[in-house]
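The report below covers a sheet, its salt bridges and a pocket. The sequence and the structure come first.

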Amino acid sequence: MNETQNVSSAVDLARAFVETVQVGGDIRGLVTDDVEEVELPNRIFASGARRDLAAMRAGVEKGKTIFAEQRYRVFRAFGDTTQAVLEIEWTGVLAIPLGSLAKGATMRAACAFFFDVREGKIARVRHYDAFDPF
């Protein structure tokens, strides 16, 4: 077994996940049926959130109605055979007004995503999102 190939596979899978979310695609083929997303408390979800596959897919769909465009810029990525970590700058251009922000405004967040991989798919994603003031 090639250790480098396994490390690359976990990181590549994590990158594929954020790229799929960025374009509003279907994450189903990248995650296990029992996947869990844990979003730590932030400006949007003060108490954080836990999501199963159905809620994660619904969130991707909802994001398409709120944002005209989303970008996930990966600054750093590393992993081992069962985990990957991505440091990301997220930006979202609003398709609708949100709070004090007008349609067309850009939201930003510095994010850290931690992925647990099982049998070639993402079994858990945990993320910290530090949003710029808005």
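## A buried glycine

G63 is buried, with a relative accessible area of 11% (buried means under 20% relative accessible area, exposed over 50% and partly exposed in between, with a 1.4 Å probe and protein chains only). G63 is found in helix α2; helices (H or I, at least four residues) and strands (E, at least two) are DSSP runs, numbered from the N terminus.

The model is predicted: local features need pLDDT of at least 70, side-chain atom pairs count only at pLDDT 80 or more, and totals for chains, interfaces and linings use all residues. Residues are numbered from 1 along each chain as its sequence is written, and side-chain values use heavy atoms, with hydrogens and water left out.

## The sheet

Strands of a sheet pair through backbone hydrogen bonds, either parallel or antiparallel. Here an open sheet of 6 strands has mixed pairing and the order β2-β1-β6-β5-β4-β3. β2 and β3 are the edge strands, each pairing on one side only. From one strand to the next the twist averages 20°; axes are lines fitted to C-alpha atoms, for helices over the stretch in contact, and angles run from 0 to 180 degrees between N-to-C directions. Two strands count as paired if DSSP finds at least two bridges between them.

β1 and β6 run parallel and are joined by 5 bridges. In this pairing, V31 has I122 of β6 as its bridge partner, and E37 stands opposite V125 in β6. β1 and strand β2 (residues 49-51) run antiparallel, with 3 bridges between them. There E39 stands opposite A49 in β2.

β5 and β6 also run antiparallel, joined by 10 bridges. F113 stands opposite H127 in β6. A hairpin is formed by β5 and β6, with 2 residues between them, and E119 in the turn has a positive phi of about 50°.

## Salt bridges

Side chains of opposite charge can pair when their charged atoms come close. The structure holds 10 salt bridges, each a side-chain nitrogen of Lys or Arg within 4 Å of a carboxyl oxygen of Asp or Glu.

| Pair | N to O distance |
|---|---|
| R57 and D26 | 3.1 Å |
| E36 and R124 | 3.2 Å |
| E87 and R76 | 2.8 Å |

R57 forms a salt bridge with D26. R57 lies in helix α2 (residues 53-66) and D26 in the loop between α1 (3-22) and β1 (31-39), so the pair ties together parts that are 31 residues apart in sequence. R57 is partly exposed at 31% relative accessibility, and D26 is partly exposed with a relative accessible area of 40%. A network of salt bridges links D26, R28 and R57.

E36 forms a salt bridge with R124. This pair links distant parts of the chain, 88 residues apart, with E36 in strand β1 and R124 in strand β6 (residues 121-131). E36 is partly exposed, with a relative accessible area of 26%; R124 is partly exposed at 26% relative accessibility.

E87 and R76 meet through their side chains in a salt bridge. Because E87 lies in strand β4 (residues 83-94) and R76 in strand β3 (residues 67-79), the pair ties together parts that are 11 residues apart in sequence. E87 is partly exposed, with a relative accessible area of 33%, whereas R76 counts as exposed at 54% relative accessibility.

## The largest pocket

About 780 Å³ of space lies in the largest pocket. On a 1 Å grid over the protein atoms alone, a pocket is an open set of points where a 1.4 Å probe fits, with protein on both sides within 12 Å along at least five of seven lines, and lining residues have an atom within 4 Å of a point. Grid points are joined across faces, edges and corners, and a volume is the space filled by probe spheres set on the points.

The lining of the largest pocket has 28 residues, of which E39, F45, R51, G59 and Q70 lie nearest its centre. The elements giving two or more residues to this lining are α1, β1, α2, β3, β5 (106-118) and β6. α2 gives the most, with 7 residues. The lining divides into 19 nonpolar, 4 polar and 5 charged residues; Ala, Val, Leu, Ile, Met, Phe, Trp, Tyr, Cys and Pro count as nonpolar, Asp, Glu, Lys and Arg as charged, and the others, Gly among them, as polar.
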